[in-house]
Amino acid sequence: MIRFALPLLALGLASTSPAAAQDTTSFRDRAPSEEIVYFVLPDRFENGDTGNDTGDFEGDRLTTGFDPEHKGFFHGGDLKGLTQRLDYLERLGVTAIWFAPIFQNKPVQGPEGDESAGYHGYWVTDFTRPDGHFGTREEFKTFVEAAHARGMKVYMDIITNHTADVIRYREGDATGYAYRSRGDFPYSRKGGIDGAPINEGFMGDADRSEENFAKLTDPSYAYTPMVPAEEAKVKVPAWLNDPIYYHNRGDTTFTGESSRYGDFVGLDDLFTAHPRVVEGMIEIYASWIRDFGIDGFRVDTARHVNPEFWQAFVPAMLETAEEAGIPNFHIFGEVYKDSSNNGYIAQYTRRDGFPAVLDFAFAQGIRETVAQGKGTYILNELFDGDVLYEGGEEAALAMPTFLGNHDMGRFSTIVKWDRPEVGQDELLARVKLAHAMLLTLRGSPVVYYGDEQGFVGDGNDQAAREDMFPSRTASYNDNNLIGTDATTATSNFDETHPLFALISELSAVRRAHPALSKGRQEVRHYEQEAGIFAVSRFDPDTGGEYLAVFNTADAPNAANILVGYNARGFETLAGTCPAAVSAPGSAPVSLPAFGWAVCRVSETAE
């Protein structure tokens, strides 16, 4: 393991917030499960400095990447804008901010006529500084310090799987390169099994020693990589410019070995088994912890990197954070899987060593029950699977849960996909129910920016990345938002919006009652059809019981819910709770369509 001696970052900055809700002296003592996370694309949130709209470039949109009328180009949001809106996020109840990558990106990529820009942050050329469209290292430090002063943690989105698309291959053409496997194109032959011998003595990436990789000297075993002269030194650190540190096998099909060895939609796929790549990525990201005192990493495309890389990288980051005086540093991997069975994503906590993974199983479970109207037994099966994570049910408390995101689309959009004829009132009701579940069930809830303002995108990817500041993108501005008469053509930071109000209310309840963030969860009731789902949460210190009940049906529902046998009365925290049990061990709960109740057992038998 590579060790780093890191000084503790002085945070400075007193809070200027008019609503300082968090304890700023102990925010780093919070466990990951206690965080309420806000995921934001900086380019689409707030434009605090129009002077950096074109980044470090001059020229037209294909040079600068700036075109606020096109959903696939930079729109102007930046670090100053994020900093200016921290009070808004604090009043929403946010305790941690996760933002899409801010590293310097290749401004524009794509074939002629189908270009788009790196506004999203995933086409990195320089891993050591923010993109000029977003600001400077000094402005990033200002943002981190301002967030910390409010008791908010900062999670960076990082990439180790690939860089921007710079490398070309002499064979094929720029529209794509078919994947060439290790069997058909071994490292020992130039351009295939019939080619000239190369890389003599190299034993392949099963041997990840420096001695073995020193024998890998020619990267043209599958394709012959070449770098355009004008981009020969574009990547930082400089070692990233050498094609020897990439797989160079062509485009992934997202199946089989190509999932780990192929170029992700043309992006240059790093040879993450190479010791220099492992060392280099540890150096890069340790410096961000050391220099800025950030609190966690969301790791992009984790499933496309070999497990051995993570087995080295994750401990190094945790050790770096510990030496920097940053406890509870949170690392969670993105393992994209459309399934409510969490067995697939759990393997990445056991084999690869991730402390947590983005809970795609939770997102799918909520979709199937709240959007599609399937039986609530699906959620019982989901939570039964928590034992599969390394650390079991306790570890599952820290899994970042979410409803939708920048890739898969907003939850409101997903509901419309599943129910094309849904009206605005029902759409709002289903979205509110989903957020009530997000903020009270186990896991660390992640709110996707704009959801609190009723955004309803047209689809996934670019169509789900609307502007919070006044948009000039026609395909965003014609959307019918929920809970408001506004459109994305105006600024959307309305703190009276019903979804903002709901998230703020339930965030406060969650923060006030540790049972809802750190407490053990036990499923109490589920059904084979749409209807009642209920769990109990237990205070980690006192053992006190809380009851959270949800109705996923489009009609009122009632059920007798199992509770502890010493429960006698209830305090209502949200929704409408029963006054008392109907008998020891049974709580009579009645809920309206898409309703919920969060209750604390306030009276118990002696």
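# Briefing on a predicted model

Glu-394 sits in helix 12 (residues 392-396); helices (H or I, at least four residues) and strands (E, at least two) are DSSP runs numbered from the N terminus. With 66% relative accessibility, Glu-394 counts as exposed, where exposed means over 50% relative accessible area, buried under 20% and partly exposed in between (1.4 Å probe, protein chains only). This is a predicted model, in which local features need pLDDT of at least 70 and side-chain atom pairs count only at pLDDT 80 or more, while totals for chains, interfaces and linings use all residues. Residues are numbered from 1 along each chain as its sequence is written, and side-chain values use heavy atoms, with hydrogens and water left out.

**Helix 9 and Thr-349**

- Helix 9 covers residues 343-350, and its buried residues are Ile-345, Ala-346, Tyr-348 and Thr-349.
- An α-helix has 3.6 residues a turn, so residues three or four places apart point the same way.
- The partners against which the buried residues of helix 9 pack are helix 6 (258-261), strand 12 (356-357) and helix 10 (360-371); contact means heavy atoms within 4.5 Å.
- Thr-349, a residue of helix 9, is buried at 3% relative accessibility.
- A polar atom of the Thr-349 side chain lies 2.7 Å from the backbone oxygen of Ala-346. A polar contact is a pair of N or O atoms within 3.5 Å; within protein, one must be able to donate a hydrogen and the other to accept it, and residues adjacent in sequence count only if both atoms are side-chain atoms.
- The Thr-349 side chain also reaches the backbone nitrogen of Glu-390, at 3.0 Å.
- Not counting residues up to four places away in sequence, Thr-349 touches Phe-354, Val-357, Tyr-389, Glu-390 and Met-399.

**The loop between strand 9 and helix 6**

- Pro-237 is placed in the loop between strand 9 (225-226) and helix 6.
- The peptide bond that joins Val-236 and Pro-237 is cis, with omega about 0 degrees.
- Asn-248 lies in the loop between strand 9 and helix 6 and is buried, at 1% relative accessibility.
- Polar atoms of the Asn-248 side chain lie 2.9 Å from the backbone oxygen of Pro-243 and 3.0 Å from the backbone oxygen of Tyr-246.
- Leaving aside neighbours within four places in sequence, Asn-248 is in contact with Ile-167, Tyr-169, Pro-219, Tyr-221, Ala-222, Tyr-223, Pro-225 and Pro-243.

- Asn-328, which is not a glycine, has a positive phi of about 60 degrees.
- The loop that holds Asn-328 runs between helix 8 (307-323) and strand 11 (330-333), and Asn-328 is partly exposed at 30% relative accessibility.
- Asp-461 also has a positive phi, near 50 degrees.
- Asp-461 is found in the loop between strand 14 (444-448) and helix 15 (474-477), and is partly exposed with a relative accessible area of 33%.

**The largest pocket**

- The largest pocket has a volume of about 1200 Å³.
- Of the 43 residues lining the largest pocket, Trp-123, Phe-264, Val-265, Gly-266 and Leu-267 are the closest to its centre.
- On a 1 Å grid over the protein atoms alone, a pocket is an open set of points where a 1.4 Å probe fits, with protein on both sides within 12 Å along at least five of seven lines; lining residues have an atom within 4 Å of a point.
- At least two lining residues come from each of strand 4 (108-109), strand 5 (116-117) and strand 8 (168-169).
- The lining is made up of 15 nonpolar, 14 polar and 14 charged residues. Ala, Val, Leu, Ile, Met, Phe, Trp, Tyr, Cys and Pro count as nonpolar, Asp, Glu, Lys and Arg as charged, and the others, Gly among them, as polar.

- Glu-394 and Ser-582 are 188 residues apart in sequence, and their C-alpha atoms are 32 Å apart in space.
- Phe-594 and Lys-432 are 162 residues apart along the chain, with 8.3 Å between their C-alpha atoms.
- Phe-594 is in the loop between strand 20 (586-591) and strand 21 (596-604) and is buried, with a relative accessible area of 8%.
- Among the residues that Phe-594 touches, not counting those up to four places away in sequence, are Glu-426, Ala-429, Arg-430 and Leu-433.

Key
Points joined across faces, edges and corners; volume = space filled by probe spheres on them.
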